[in-house]
Amino acid sequence: MIPTNSSYYYGPQGEAPLSRTGYVFLAIVMALFTGPAILLNSTVIIVTLMHKKLRQPLNYALVNMAVADLGTAMTGGVLSVINNAEGSFSLGRTGCVMEGFAVSLFGITSLCTVALIALERMFVVCKPLGQISFQKKHAVGGITLSWFWSLTWNLPPLFGWGRYELEGVGTSCAPDWHNTDPHNVSYILAYFAVCFAVPFAIIVASYILSVRLLAVQAVVNAHQMACVEGGAVAKGEMKVASMVVLMVLTFLISWMPYASLAMFVVSNPDVKINPLVGTVPVYLAKSSTVYNPIIYIYLNKQVASPPWVDEEESEAVTVVEAARVSPS
């Protein structure tokens with residue numbers, strides 16, 4: 001059973017937008033991203049829960065991102081593989097709505113978590129509140145807010161403001177960017193503003209402030225490298241900063257084309273987008289679920305190293321946290 005706007009995804013003679021081979025190819029591509037995403041994000045969650053040394057405020061946010069990415073992979077990723085393998089969306093109208101809601105909920109939560117991580121880095125580097133540091137309670141509060149914010153703005157289509165519909169080649173669902181009804185357009189514009197533009201602005205502002213201050217501190221850090229403790233702290237900050245910057249960049253590279261295409265369609269309602277062209281940003285966005293755990297495991301030595309690793313080889317995050325509370 002195909003959801004209500006199926007005519008957008010099928011030609012005048014009822015032909016599918018892709019050949020059988022094309023759908024199988026998409027299924028394989030999505031499977032190559034979804035399998036590792038499930039495995040790696042599950043690993044991040046399990047390893048962090050098993051080892052107390054990983055329970056730092058920043059890692060709380062990273063685990064929350066892993067949970068959101070795992071949810072995206074388990075819903076949008078797995079269902080995309082199945083539907084592409086079958087060559088159509090096979091879950092009916094209710095399945096389309098539920099998939100669109102779930103993927104959007106997890107995706108926006110992940111984006112809000114990136115904003116939270118950017119704020120955490122800004123607090124560590126810039127210290128806008130003086131000696132008040134980013135603590136566990138702040139991380140938990142930010143995580144709770146990210147889920148609440150995402151839930152608040154993804155529920156309206158279930159109650160009539162906006163709706164979830166097929167997108168791309170018609171094998172996955174998302175907020176309906178194509179519907180020109182003013183009621184629907186008002187939701188899409190509000191959704192874009194509060195769920196993408198606001199977190200994006202927080203991310204950009206936080207990193208501009210952080211980078212400016214780090215540039216000023218570059219000379220100081222160079223002198224700190226001359227002593228063991230100062231060198232460890234400087235290396236630790238750089239390591240964590242590199243991890244977070246990579247996560248932000250890969251997330252934005254993955255999601256920016258999708259958000260840009262959506263806004264282009266909303267602002268140009270008469271434009272005809274080839275379904276295959278519309279599918280590329282969708283799959284690029286869903287592929288982001290596999291990048292973050294790779295970056296996290298590769299750059300976070302606490303996760304990459306076995307639990308019996310020598311304490312002196314422990315990751316920068318521990319050193320950074322210790323430096324925050326040590327007397328000046």
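Salt bridges and helix packing

Biologist: Which side chain meets that of Lys-286 in a salt bridge?
Modeller: A salt bridge requires a side-chain nitrogen of Lys or Arg within 4 Å of a carboxyl oxygen of Asp or Glu. The N to O distance here is 3.9 Å. The partner of Lys-286 is therefore Glu-99.

Biologist: At what pLDDT do side-chain atom pairs count?
Modeller: Residues are numbered from 1 along each chain as its sequence is written, and side-chain values use heavy atoms, with hydrogens and water left out. This is a predicted model, in which totals for chains, interfaces and linings use all residues and local features need pLDDT of at least 70, whereas side-chain atom pairs count only at pLDDT 80 or more.

Biologist: How many residues apart in sequence are the parts tied together by Lys-286 and Glu-99?
Modeller: Helices are DSSP runs of H or I with at least four residues, strands are runs of E with at least two, and both are numbered from the N terminus. Lys-286 lies in helix α7 (residues 275-286) and Glu-99 in helix α3, so the parts they tie together are separated in sequence by 187 residues.

Biologist: Is Lys-286 buried or exposed?
Modeller: Relative accessible area is judged with a 1.4 Å probe on protein chains only: under 20% is buried, over 50% exposed, and in between partly exposed. Glu-99 has 2% relative accessibility and counts as buried. Lys-286 has 7%, and therefore also counts as buried.

Biologist: Which residues are linked with Arg-163 in a network of salt bridges?
Modeller: The closest N and O atoms of Arg-163 and Glu-165 are 3.6 Å apart, and those of Arg-163 and Asp-176 are 2.8 Å apart. Arg-163 is partly exposed at 27% relative accessibility, whereas Glu-165 is buried at 0% and Asp-176 is buried at 2%. The network links Arg-163 with Arg-93, Glu-165 and Asp-176.

Biologist: How do the directions of α1 and α2 relate?
Modeller: Axes are lines fitted to C-alpha atoms, for helices over the stretch in contact, and angles between N-to-C directions run from 0 to 180 degrees. The axes of α1 (residues 20-50) and α2 (residues 57-86) come within 8 Å and cross at roughly 155°. Angles under 35 degrees count as roughly parallel, 65 to 115 as roughly perpendicular, over 145 as roughly antiparallel, and the rest as oblique. The crossing angle therefore makes α1 and α2 roughly antiparallel.

Biologist: How do the directions of α2 and α3 relate?
Modeller: The axes of α2 and α3 come within 9 Å. Their crossing angle is roughly 155°. α2 and α3 are therefore roughly antiparallel.

Biologist: How far apart are the end C-alpha atoms of α3 (residues 92-126)?
Modeller: The expected span of a helix is 1.5 Å times one less than its number of residues. The 35 residues of α3 should therefore span 51 Å. The distance between the end C-alpha atoms agrees with this, at 51 Å.

Biologist: How many of the 35 residues of α3 are buried?
Modeller: α3 is largely enclosed by the rest of the structure. That description holds because the count of buried residues, out of 35, is 29.
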